[in-house]
Amino acid sequence: MVVTRFAPSPTGYLHIGGLRTALFNWLWAKKNSGKFRLRIEDTDLSRNKQEAVEAIIKAFNWTGLNYDDEVVFQSERFDIYKKYINELLEKGLAYKCYLTKEELDKIREAKMKGEEPPIDIRKYRDFKGELDKPYVIRFKTPLEGKICFEDGVKGLQSVDAKEIEDFVIARSDGTPTYNFVVVIDDYEMGMTDIIRGDDHLRNTFKQILVYKAFGWDVPKFYHVPMIHNEKGAKMSKRDGAVDVMEYKREGYLPEALLNFLVRLGWSYGDQEIFSIDEMINLFDPKDINKAPSRFNKEKLDWLNSHYIKNSPNSRLEKLLRDYGVDIINHDKKEILIDELKERVKTIKEMAEEIEKILNTPSEYNEKAVKKFIKDEVIENLKEFTIFIKDKDPKLPPEWHDIMNEFLEIKGLKPKMLMPPLRIAMVGDTKGIDLSALLSVLGKEEVIKRINKLIAMNEIF
């Protein structure tokens, strides 16, 4: 059975690069009717943040990336790691290293200068005694040969064993290090396939050595290139490298974000839009691109607008509540949402547009007023309020017919009524179809807003 995992460190919020990694693992597990596990790598007790753990769980719940079994916390497994460290010590595959901080600094400085270190990092590799001083535990890396593995994305990867120094698997305070605990956890959790960022590629050689030291099968590795910004550089917050939940706050739908992320580094022909089921059926990590992908906000906006257009109005009504807009009981909510879902890119934008429509404008676009609100136009607006008083338009087609009838009777061009009417309604000339706008507001509110604009014009 295929078993995959996502294993974030709770030192910060979950960003989209991490979510993409989680998505790839989730899809591969689902496609193979396997398991997708979540592990919180919180061994660095000084940097862990509980709110970061909560944010990771929230992001998974929001996107629907359901994980199997209980969440595994590394901080609860120190006794297990200690047992395995002792096993390596007993087998002679690890050793206590008593090098002091000063000695390590000298080694580091020499390496930075490209010089031969004055002290061998492996000084205590074959030391048999015990010293009454602090120590770390190092893994005995082979002194010759090669470490190789077939990466599912990048192909054959190889390094000379001598290039990997005897790395630390337990610090002086006894806490285990990443490259050790990740192997223990992946083995005990039954991992068969590991899809992760290629920033871990160098770590994989060390981890393979640990697998072999215990005689365990090495899982299949897939190292995914990073996401870059549109210029090909490392992403920043400005580019979109923010907390995943920020995308929810900005009004993106989870299925749009997942669709966007799956196409960052993976493709299936020229297809751009994928349902979750299609992603599961079509995804294969061997099809992940070898080159870094580029974040394109325009593509995300386009996808989000597609999913908004294809969402039922009842769902959008509920989502709007998260942005302080409640139109559940509005009698023209269907007209309002139908109009806006064709125009907006995000739910947040839809909420803002609804508020502009439902709230009487407190100010008017100066350029629009200067261009369209003339004395003769004010007279037209006054006459229009009189004209509609004994009429009872409800739906957009009825409002459309009334405006055309008024223009015909008065012998006016549309620009003498339509733009001024829109300015009176929302303070600007931009917005949804005018007939729909008037229908949503209703006759009494239309007259009220026209009169307000007339009164404002008289003041000016």
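Which residues do ring pairs link into a cluster? They are Tyr84, Phe180, Tyr187, Phe214 and Trp216.

The views show a predicted model, in which local features need pLDDT of at least 70, side-chain atom pairs count only at pLDDT 80 or more, and totals for chains, interfaces and linings use all residues. Residues are numbered from 1 along each chain as its sequence is written, and side-chain values use heavy atoms, with hydrogens and water left out.

**View 1. The ring pair of Tyr84 and Phe214.** Tyr84 belongs to helix α3 (residues 78–91) and Phe214 to helix α6 (residues 201–214), so the pair ties together parts that are 130 residues apart in sequence. Helices are DSSP runs of H or I with at least four residues, numbered from the N terminus.

**View 2. Burial of Tyr84 and Phe214.** Tyr84 has a relative accessible area of 8% and Phe214 one of 10%. Both are therefore buried (under 20% relative accessible area, with a 1.4 Å probe and protein chains only).

**View 3. Lys83 over the ring of Tyr84.** The charged end of Lys83 is 4.5 Å from the ring centre of Tyr84. A charge sits over a ring if NZ of Lys or CZ of Arg is within 6 Å of the ring centre and within 35 degrees of the ring normal.

Notes
Phe/Tyr/Trp six-rings, centres within 6.5 Å; stacked < 30°, edge-to-face > 60°. Helix = DSSP H or I, 4+ residues; strand = E, 2+ residues; numbered from the N terminus. Buried < 20%, exposed > 50% of the residue type's maximum accessible area, 1.4 Å probe, protein only.
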